[in-house]
Amino acid sequence: MHSARRIMCSRWLLGKSDAARSSVFGCHGRQKRLFSATRSRMSVMPAWVIDTYGGNDVLRFTRNASFPIVHYPNEVIVQVHAAALNPLDVSMRGGYGAASLSMKRDPLNLNQTGSELPLVLGRDVSGVVMECGLDVKYFKEGDEVWAAIPPWKQGSLAEFVVLSANEISHKPKSLSHSAAASLPYVATTAWSALVTTGGLTQENCAKKRILILGGSGGVGTFAIQMLKAWGGHVTVTCSQNAERLVRGLGADHVVDYNAGPVEVALGTLEKFDVVLDNVGGDTESWALGLLKPWSGAKYVTLVTPFLQNTDLLGVADGMMQTGITVASKALKHLCKGVHYRWGFFIPNGPALDDISEMVDAGKIRAVVEAEFPFSQVPKAFQKVEEGHARGKTVVRVVGGDSDSQH
């Protein structure tokens, strides 16, 4: 974790001499530009967009999507070489989370409903920095980077995307852009759930027993590798046809959820320090009973009703209902000696820095199930919708099929 602290310092902290120099010079000592030259170079780009929420038929290819602009001095423009899809992209295509995400995009409610449209989907990106904002120091034009894009921003199914420098990281040197694009969203989601919320670290993981419910998906396959790299003992639930995959990633014990009541099989095992729930549903009714009581053990679920509540009840009432729900559940289980938590995706460039080191050290590998050219984005969505994925669905953008006829 020392590298994360070192990187955070190099990303954001300026000494007096640097601060003085930055008033005249931008990144790396270049004289500052007083405005972005983006518009003079290009105003439109190819992209897949949606103009309304719905099924796969709302996906539309255009060569006239608005070219991204650096609005803030800590932003960069990235040329997308590869993108990857997640179940969240399918849900957002149908309007999931629209109310909450609109509030994030426009907190003062100055714009009309639907102002986020046309919307570009895609949370994962691997590409090359094309332009730096004036205060960006840790990156330069031409750097190969990867990132997980926040869901309130325009996504990666386009030739270019604008991101905060805090959200991106140097791409692992050992991975191609297609392989690298498969990791950022699931990696930062797992990091948020297990490290930020679950309290696991490289230093304390060796003595922990962790259960991953639904371990063969993107978050699960990454979490297995990260926890094993840190020396944890990992038990996974998955279907029988995914057992070989998760064992190959390092899982110590595998329970087939189709072989009988999974809670019965798990109940015969030694209690756990952390449970990561990627499944949801009725798992909450029995999963917390698998934790070690009165030892700081945590149940972290990534299946929460937060966005659904705000979609159904509105932002204010939805947030109130969400607060009541999580507080009551946390109190209920705290009385039983275990901690109940919700986990969320959080963009995290410094975490990706540490993850990049683990990838290049051979401790984590990309798990890609399918790869599509840019012209076949609708087929890529269909693949994700089929479910039961054992790896990520990747779309090649630059270097793929971006100039083909549609």
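1. Let's start with the neighbours of Gln225. In this predicted model, Gln225 touches Leu249, Lys363, Ile364, Arg365 and Val367, leaving aside residues up to four places away in sequence. One of these neighbours, Arg365, has its backbone nitrogen 2.7 Å from a polar atom of the Gln225 side chain. Is Gln225 buried or exposed? Its relative accessible area is 4%, and buried means under 20%, so Gln225 counts as buried. If you want to find Gln225 on screen, look in helix H8, which covers residues 218–229.

2. Now take helix H8 as a whole. Ten of its twelve residues are buried, so the helix is mostly covered. Among the buried ones are Gly218, Phe222, Gln225, Met226 and Leu227. What do the buried residues of H8 pack against? Their partners are helices and strands: H7, strand E8 (209–213), strand E9 (233–238), helix H9 (243–248), strand E11 (274–277) and helix H14 (349–360).

3. You can check the length of H8 for yourself. At 1.5 Å a residue, its twelve residues should span 16 Å, and the end C-alpha atoms are 17 Å apart, which agrees. After the helix comes Gly231, with a positive phi near 90°.

4. Helix H7, one of the packing partners of H8, runs over residues 184–197 and has 14 residues. From first to last C-alpha it reaches 18 Å, close to the 20 Å expected at 1.5 Å a residue. While you follow H7 along, look for a kink of about 25° centred on Trp191. Why is H7 described as largely enclosed by the rest of the structure? The reason is that 13 of its 14 residues are buried. Gly199 follows H7, and its phi is positive, near 80°.

5. Next, some strands. Strand E5 (residues 144–148) is mostly covered, with four of its five residues buried. E5 pairs with strand E4 (residues 124–132) in the antiparallel sense, over five bridges. In that pairing, Gly127 stands opposite Val145 in E5. E5 also pairs with strand E7 (residues 168–170), again in the antiparallel sense, here over three bridges. There, Trp146 has Ser169 in E7 as its bridge partner.

6. Stay with strand E4 for a moment, where you will find Cys132. Its relative accessibility is 3%, so Cys132 counts as buried. Where does Tyr72 lie relative to Cys132? The two residues are 60 residues apart along the chain, and their C-alpha atoms are separated by 10.0 Å.

7. Tyr340 and Trp342 make up its covered face, while His339 and Arg341 make up its uncovered face. In a regular strand the side chains alternate between the two faces of the sheet. E13 runs parallel to strand E12 (residues 298–301), and four bridges join them.

8. Two backbone details deserve a second look. Most residues other than glycine have a negative phi, and most peptide bonds are trans. The peptide bond from Leu117 to Pro118 is cis, with omega near -5°. Pro118 belongs to the loop between helix H5 (98–105) and E4. Trp294 is not a glycine, yet its phi is positive, at about 55°. You will find Trp294 in the loop between helix H11 (284–287) and E12. With a relative accessible area of 65%, above the 50% cut-off, Trp294 counts as exposed.

9. Finally, step back to the whole protein chain. Its secondary structure comes to 16 helices and 15 strands. How much of the chain is buried? Of its 406 residues, 52% are buried. Among contacts with a separation of 6 or more, 72% are between residues 24 or more positions apart. The accessible surface comes to about 18,300 Å², and carbon and sulfur atoms account for 55% of it.

Conventions:
Residues numbered from 1 in each chain as written. Predicted model: local features only at pLDDT ≥ 70, side-chain atom pairs only at ≥ 80, totals over all residues. Heavy atoms only, no water. Helix = DSSP H or I, 4+ residues; strand = E, 2+ residues; numbered from the N terminus. Buried < 20%, exposed > 50% of the residue type's maximum accessible area, 1.4 Å probe, protein only. Contact = heavy atoms within 4.5 Å. Areas by Shrake-Rupley, 256 points an atom, 1.4 Å probe, with all protein chains shown as cover. Polar contact = N/O pair within 3.5 Å; in protein donor to acceptor, adjacent residues only side chain to side chain. Expected span 1.5 Å × (residues − 1). Bend = angle between axes of the 7 residues up to and from the residue. Pairing = 2+ DSSP bridges.
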